[in-house]
Every structure is written in structure tokens, then in C-alpha cells.
Amino acid sequence: MKLLKTIPDTPHPGLLSISAPQPMKHDEALDRLLPGSSECHSRSMRRKFPLGAFAALLLCCSLPAVAQDKGYWRAVSSNANGITGDLTISDSRLSINMTAFPIAQIRPLKAAESSAVFDADPGEGGSGYLYRLSVPGARRFLHRNTLCGSDDTQWMATYVHGRALRVAFFSGTDMPVFTPDALANSSDVCGTFSYSR
């Protein structure tokens, strides 16, 4: 009886041992490629991003949407086109016809006050502010016009609704009173102007 020689499990030293690769799970492969960095992998970040984006969107939408009067505004009414031209409002300056004047925001206008000055509907959701400023009566703008005749311009009220801005200028050192009767009998009202974005 002939004995069959068994082949040892260890390969011959001169031969290469090739074995089929074992399938690896995707997470194992990531851990092997990026040890200790599973927290920063884009796949795990993608899972967390929608929750963060949703929270930011919820916070943004839960705050009241208040129209802002800051920024560049294009003149649309005839007196805005004839006197001021386009204007820009920032936190500390009002720019009219390429000339900047310092301003200070005093307070927000109430809905009834905006209605009295600008004939705005109190329920339409616009917002307005009262500003203190000083534009000399001798300062000329477009077509050699002034804001308040020969008087210094001391106050500015704004009202924004959507993409529209309305501005009223006032002379006089006393803060304007924004009621229909007070405005009708005041000599300090210089005029209202309309702008758009």
C-alpha cells in the first residue's frame, strides 16, 4: 500500500502565498483608514448637519421679521428725485447726494405714529425709527434744493414696509410729536420722501 504524502499547510519558502481578501465591513474600513477620527468623518457630519440646519431655521423663523431701513435706497418719489436723490442709511450715518451726515437712532416708532406721519396701515407690519441728525439749512442738494428751507434739519423718521422706504425730515430742536393733530399744526415738518430697493 502506497502512502500519500500530505502537503503541509505552510507554503514552500520559494512560493508566494496568495489568499483571497476577506470582505470587510464599511465601518471597519473607515476605522482602519482613519483611526480615531470617526467623529470628523464627512459621513458622520452629514448625519448631524440637518439637525443643526433645522435648529437654525427654526430660530430664524421664530424671531419677528422686522424690516430694516439700513442700506442703499433708490429715490422714487418726485421730491426725492428732485431734492435728495438716492440715499444710504447706516448705523451712524445718513448719506445724501454723496455727502454723509452723522445720525443717532433715538427710538422705534409705534404703529400709530408711523400711521400719523406716513399714512401707513398700522396692521401691515412695517417698522419705523426716529433719528436725530443735523443738516445745515444752507446745505444744498440736487437742483440747489434744501431739506427744510433755511432751517437746520434736526430729525428724521423712517418707515420700511417690504422693499419700500419712506422718510420724513423735521426742523426744530424739540422732538416731533407724531399725532395727526400735532403734525397738521406743526411748522417743523419739512416733507416726506419715498425710496425703494
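Predicted model: local features only at pLDDT ≥ 70, side-chain atom pairs only at ≥ 80, totals over all residues.
Local features need pLDDT of at least 70 and side-chain atom pairs count only at pLDDT 80 or more, while totals for chains, interfaces and linings use all residues. Residues are numbered from 1 along each chain as its sequence is written, and side-chain values use heavy atoms, with hydrogens and water left out.

**Barrel and helix**

- Eight strands form a closed barrel in the order β1-β2-β3-β4-β5-β6-β7-β8 with antiparallel pairing, where strands are DSSP runs of E of at least two residues and helices are runs of H or I of at least four, numbered from the N terminus, and where two strands pair if DSSP finds at least two bridges between them.
- From one strand to the next the twist averages 35°, with axes taken as lines fitted to C-alpha atoms, for helices over the stretch in contact, and angles running from 0 to 180 degrees between N-to-C directions.
- Helix α4 (residues 111–118) packs on the sheet and touches β4 (99–108), β5 (127–135), β6 (153–161), β7 (164–171) and β8, contact meaning heavy atoms within 4.5 Å; the direction of α4 makes about 80° with that of β7.
- Strands β2 (residues 87–89) and β3 (residues 93–96) run antiparallel and are joined by three bridges, and Thr-88 stands opposite Ser-95 in β3.

**Nonpolar cores**

- The largest nonpolar core has 24 residues, and those with the most contacts inside it are Leu-94, Leu-147, Met-156, Phe-169 and Tyr-195; such a core is a set of buried Ala, Val, Leu, Ile, Met, Phe, Trp, Tyr and Cys residues joined through side-chain atoms within 4.5 Å.
- Strand β5 gives the largest share of this core, four residues.
- Apart from this core lies another of 12 residues, among them Val-117, Phe-118, Phe-178 and Leu-183.
- Beyond residues up to four places away in sequence, Met-156 touches residues including Ile-89, Leu-94, Leu-133 and Phe-169.

**Leu-133**

- Leu-133 lies in strand β5 and is buried, with a relative accessible area of 4% (buried is under 20%, exposed over 50%, partly exposed in between, with a 1.4 Å probe and protein chains only).

**Ser-196**

- Ser-196 belongs to strand β8 (residues 189–196) and counts as buried because its relative accessibility is 17%.
- Leaving aside neighbours within four places in sequence, Ser-196 is in contact with Trp-73, Arg-74, Val-76 and Arg-163.
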